[in-house]
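The following account leads a new reader through one protein structure.

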Amino acid sequence: MTSAPAAPPARAYRRLGVEERRAQLLGAALTLFAHRAPDDVSIDEVAAAAGVSRPLVYRYFPGGRQQLYEAALGSAAEQLTLCFSEPAVGPPTERVSRVLDRYLGFVDEHDAGFSALLRGGSVAETSRTSTIVDGVRRSAAEQILLHLGRGGGPGQEPAGPRLRMMVRTWIAAVEAASLIWLDEDKQPPAADLRGWLVDHLMALLAVTAASDEETEAVVAELLAQETADGPAGRLAALIVPVAGHAAHLLPPE
């Protein structure tokens with residue numbers, strides 16, 4: 001008589017530590033929030049994605065979806081803030097280009113969730129979630145100011161009000177452009193969008209430098225570090241011919 005084949009051994013259940021389990025649940029939630037608006041994600045779905053029971057999710061997040069969303073948002077904010085961290089090596093515009101490549105990569109990966117997060121209007125939106133998002137914006141602005149030599153880092157002076165306002169305005173434009181990019185099915189290609197956003201930063205700096213001595217000094221320091229084949233050199237080659245058409249607007253010598 002042939003004996004029945006032995007059943008495969010049951011997979012041993014591994015008890016996770018508190019922090020490890022919490023990280024697992026946050027990872028599952030982030031995956032769901034990355035592709036769907038927070039209002040559309042249920043605790044049951046988070047539990048299923050993490051391979052755990054619904055009560056276990058509530059054990060770690062007794063506040064339910066709202067608490068889980070805020071925790072997931074905080075985790076995403078940390079990742080997004082890291083996108084703007086870049087060593088002070090090489091021409092500033094090339095550093096900003098690398099920052100934007102990481103930022104747009106994050107937007108691409110978290111498309112629907114990123115859009116829902118920044119547009120607001122969700123029932124999950126609270127003063128706490130708004131504070132988290134605003135913190136990312138402020139951190140991003142501080143990192144850009146560091147690359148402009150006015151971030152208050154070692155040997156740097158803190159930025160004045162005009163320069164600080166200009167950088168925060170640019171951060172808002174980057175945010176708006178990324179949302180429009182998602183609406184437009186991620187067109188133009190990310191590399192083209194990144195190049196345009198770097199050009200936008202340079203243009204804002206130039207305009208602000210025309211009426212602000214501090215920004216004028218920053219632009220002079222920045223251009224001294226740039227190369228002809230880098231983003232600043234490419235923009236200069238494009239702008240100079242266009243500027244020639246405005247010669248008739250200048251006062252006679």
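Of the 253 residues in the protein chain of this predicted model, 41% count as buried. The chain contains eleven helices and zero strands, so that, because helices and strands are taken here as DSSP runs, its elements read from the N terminus as α-α-α-α-α-α-α-α-α-α-α. Among contacts between residues at least 6 apart in sequence, 66% join residues at least 24 apart.

The interior may be considered next. In soluble globular proteins, nonpolar side chains tend to be buried together. The largest nonpolar core of this model has 65 residues, and the members that touch the most others are Leu163, Val167 and Trp170. Helix α8, which spans residues 161–183, supplies the largest share of this core, namely ten residues. The surroundings of Leu163 can be listed in detail. When residues up to four places away in sequence are not counted, Leu163 touches Leu145, Leu148, Arg150, Leu205, Asp212, Glu214, Thr215 and Val218.

Apart from neighbours within four places in sequence, the contacts of Leu104 are Trp181, Ala190, Leu193 and Arg194.

Thr93 is also found in helix α5. With a relative accessibility of 3%, Thr93 counts as buried. In sequence, Thr93 and Met202 are 109 residues apart, while their C-alpha atoms are 8.4 Å apart in space. Leaving aside neighbours within four places, Thr93 is in contact with Val198, Met202, Leu222, Glu226, Pro231 and Ala232.

Two packed helices are described by the angle between their axes and the distance between the axes. Helix α1 (residues 18–35) and helix α2 (residues 43–50) pack at an angle of about 115°, and their axes are 9 Å apart. The crossing of α1 past α2 is right-handed. On the α1 side, Gln24, Leu25, Ala28, Ala29 and Leu32 take part, and they meet Glu45, Val46, Ala49 and Ala50 of α2. By type, the residues of this contact comprise seven nonpolar, one polar and one charged.

A record also bears on this part of the chain. An unreviewed UniProt entry places the feature "DNA-binding region" at residues 42–61. In the model, that span is 75% helix and 0% strand, and its end C-alpha atoms lie 13 Å apart.

The last stop is the loop between α8 and α9, where α9 covers residues 190–209. Asp185 is found in this loop, and its phi is near 55°, a positive value in a residue other than glycine. The relative accessible area of Asp185 is 65%, so this residue is exposed, the cut-off being over 50%. Lys186 lies in the loop between α8 and α9 as well; its phi is near 60°, again positive in a residue other than glycine. Lys186 counts as partly exposed because its relative accessibility is 24%, a value between the limits of 20% and 50%. Pro188 is found in the loop too, and a cis peptide bond, with omega about 0°, joins Gln187 and Pro188.

Technical notes:
Residues are numbered from 1 along each chain as its sequence is written. This is a predicted model: local features need pLDDT of at least 70, side-chain atom pairs count only at pLDDT 80 or more; totals for chains, interfaces and linings use all residues. Side-chain values use heavy atoms; hydrogens and water are left out. A nonpolar core is a set of buried Ala, Val, Leu, Ile, Met, Phe, Trp, Tyr and Cys residues joined through side-chain atoms within 4.5 Å. Buried means under 20% relative accessible area, exposed over 50%, partly exposed in between (1.4 Å probe, protein chains only). Helices (H or I, at least four residues) and strands (E, at least two) are DSSP runs, numbered from the N terminus. Contact means heavy atoms within 4.5 Å. UniProt positions are given in the numbering used here, feature names are shortened, and annotations may be inferred rather than shown by experiment. Axes are lines fitted to C-alpha atoms, for helices over the stretch in contact, and angles run from 0 to 180 degrees between N-to-C directions. A crossing is left-handed if the near helix is turned anticlockwise from the far one by less than a right angle, and right-handed if clockwise. Ala, Val, Leu, Ile, Met, Phe, Trp, Tyr, Cys and Pro count as nonpolar, Asp, Glu, Lys and Arg as charged, and the others, Gly among them, as polar.
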